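Grab a pencil and work through these exercises with the model open beside you. Try each task before you read its solution.

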Amino acid sequence: MVPNLSRLAKYASIDAAQLQRQFDTSAESLSPRGQAVLSAILEVAEATANTRVPGAAVVPTLLRLVEEIAGQSTARAGEDATTIRAGLRRVVSAKTLHSLRELRLYRDADGVEPVWPHAGMLILNPFLGCSFGCAYCFRADEQQSNVDWFLNGRPTQVVSEETVVEQLARHPLFVPGVTQLGLHTATTEPFLPQVKESTFRLLDLLDERGWHNDVMVITKHYLTAEDAARLASYTSVRLLMFLTYNAAPAEMETMGGARGFRERRFESIDHLARYPHIAAAHYYRPIVPGWNDSDDQITDALTFGERLGLTVIGGLKEIPDLVTITRRRGLSLPTVASGPAGEKYFPPSLVDRILGIHRDLGLTSTVVGDQSCGLTVMMSGRAGSAVSNVEALKMYDALSPRRPKCMALCPPDQLAACARPPAPALATVHRLLAHIGFDGAAEVTETCVRLRSAVSPSTAELDSLSAHLRYAVTWQPA
């Protein structure tokens with residue numbers, strides 16, 4: 001009943017025979033349902049453990065998981081209690097991966113955690129799995145032997161919202177009132193019926209803390225009038241809403257391309273328009289040649305964005321098994337970027353065509369080419385004066401070989417703010433460095449904050465410092 005556990009034992013630095021005996025003995029006291037769940041959990045653990053952690057508490061952790069899952073699942077009438085249906089197997093996969101991640105025995109290729117540092121933000125992720133059905137989902141590598149569990153799976157909650165917010169409060173990169181937060185952007189869709197209450201619960205908890213942080217929510221789903229009213233009720237958190245609409249066919253976004261879904265997404269703008277204090281913008285990505293780049297599709301998407309006044313455009317990032325997924329969906333094989341990993345394919349000719357259609361339609365909305373630009377323009381509008389976008393600063397372009405992100409289409413005051421951001425006070429820099437435990441020296445120059453230390457800060461730490469200071473930060477060895 002208990003599968004071979006040699007791989008799991010190796011990564012936990014436990015004798016394989018001893019581990020096998022422990023689970024065999026524990027299985028004897030379980031019900032047939034519990035035994036079946038244990039077997040399924042161990043199959044996932046054996047297949048996915050990939051990080052060595054001597055002494056990890058494998059047995060008690062996975063047995064608690066057996067108790068949780070078996071206690072919450074029941075066999076259908078006339079069904080064998082040992083049957084593990086596809087839906088339950090997806091729950092087992094999601095919760096087992098989370099448990100292994102908490103034990104540090106598993107790390108996914110994208111490094112996503114319940115509180116995930118990404119591009120200077122902290123993303124809160126209580127769920128794994130999504131049913132929106134996007135062919136381009138970057139989480140398709142979560143379990144490479146069977147990507148369908150994630151792409152077609154029912155969203156599964158793996159940790160409570162209360163636990164996530166407590167982890168956020170203790171996170172070394174979190175500064176109350178300063179750090180930008182995001183909800184459910186890396187593991188699921190925040191307004192799916194199964195996830196929506198989790199989204200509002202997170203907002204409730206953040207609002208109760210009175211932190212006044214900016215909170216980004218990106219949704220492909222539609223919002224109801226009730227959703228908009230609930231979003232408008234928060235008095236502490238400062239929402240930055242991205243409504244995604246890319247005129248995708250059903251082969252590209254299964255749920256988004258369903259009949260009637262487009263109209264409900266357009267109605268979402270009407271619902272949010274009743275609450276002008278909620279900052280909202282149009283997320284128009286990915287735009288993929290051959291999938292959703294016809295003139296009619298571009299016109300449709302830009303018309304959606306015109307009503308919000310701000311559109312963020314972007315291309316496709318390569319994902320594992322993209323060829324297999326594309327063929328399965330009946331889509332043409334897309335071109336992917338040939339540059340660094342994670343680079344999106346968004347050819348200049350396509351950008352020019354989009355901007356040309358925008359111009360020919362006489363639209364007045366602002367078009368930007370990066371999520372950070374969209375966030376910054378929303379923040380500037382809310383503040384009544386332009387703030388700088390750390391990810392599109394000219395000083396960063398000068399310090400790195402990367403392609404500039406600025407499309408130079410923002411209003412003049414916004415371009416000026418990003419071209420010459422105000423230098424932070426050295427005292428502010430020192431407070432942030434102390435907050436993350438940085439042991440070294442710092443100086444503020446006209447081009448960057450320059451750090452010196454014996455040990456390099458992590459990429460997440462550098463990104464966080466830059467985002468908090470809205471100024472370029474570099475490091476060099478002492």
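**Exercise 1. Find the bridge partner of Thr244 in β8, then work out how β8 sits among its neighbours.**

Step 1. Thr244 has Tyr283 as its bridge partner in β8. Before going on, a note on what you're looking at: this is a predicted model, where local features need pLDDT of at least 70 and side-chain atom pairs count only at pLDDT 80 or more, while totals for chains, interfaces and linings use all residues. Residues are numbered from 1 along each chain as its sequence is written, and side-chain values use heavy atoms, with hydrogens and water left out. Helices (H or I, at least four residues) and strands (E, at least two) are DSSP runs, numbered from the N terminus.

Step 2. Zoom out to the whole strands. β7 (residues 238-244) runs parallel to β8, and five bridges join the pair; strands count as paired if DSSP finds at least two bridges between them.

Step 3. Now look across to β9 (residues 310-313), which pairs with β8, also in the parallel sense, over three bridges. Here His282 has Thr311 as its bridge partner in β9.

Step 4. Trace the chain from β8 to β9: the path goes through helix α11 (residues 295-306), and this β-α-β crossover is right-handed. That label applies if, with the strands pointing away from the viewer, the path from the first strand over the helix to the second runs clockwise. β7, helix α10 (residues 261-273) and β8 form a right-handed β-α-β unit too.

**Exercise 2. Is β8 buried or exposed?**

Step 1. Sort the side chains by direction. In a regular strand they alternate between the two faces of the sheet. In β8, Ala279, Ala281 and Tyr283 point one way, Ala280, His282 and Tyr284 point the other way, and all are buried.

Step 2. Conclude: six of the six residues of β8 (residues 279-284) are buried, so the strand is largely enclosed by the rest of the structure.

**Exercise 3. Which peptide bond is cis, with omega near -5°?**

Step 1. Check the bond from Arg285 to Pro286: that's the cis one.

**Exercise 4. Where do the buried residues of α16 lie around its axis?**

Step 1. List them: in helix α16 (residues 412-419), Gln414, Ala417 and Cys418 are buried.

Step 2. Look down the axis. These buried residues fall within an arc of 95°, so they line one face of the helix; the arc is that of the directions from the helix axis to the C-beta atoms.

Step 3. Link this to helix geometry: an α-helix has 3.6 residues a turn, so residues three or four places apart point the same way.

How values were computed
Buried means under 20% relative accessible area, exposed over 50%, partly exposed in between (1.4 Å probe, protein chains only).
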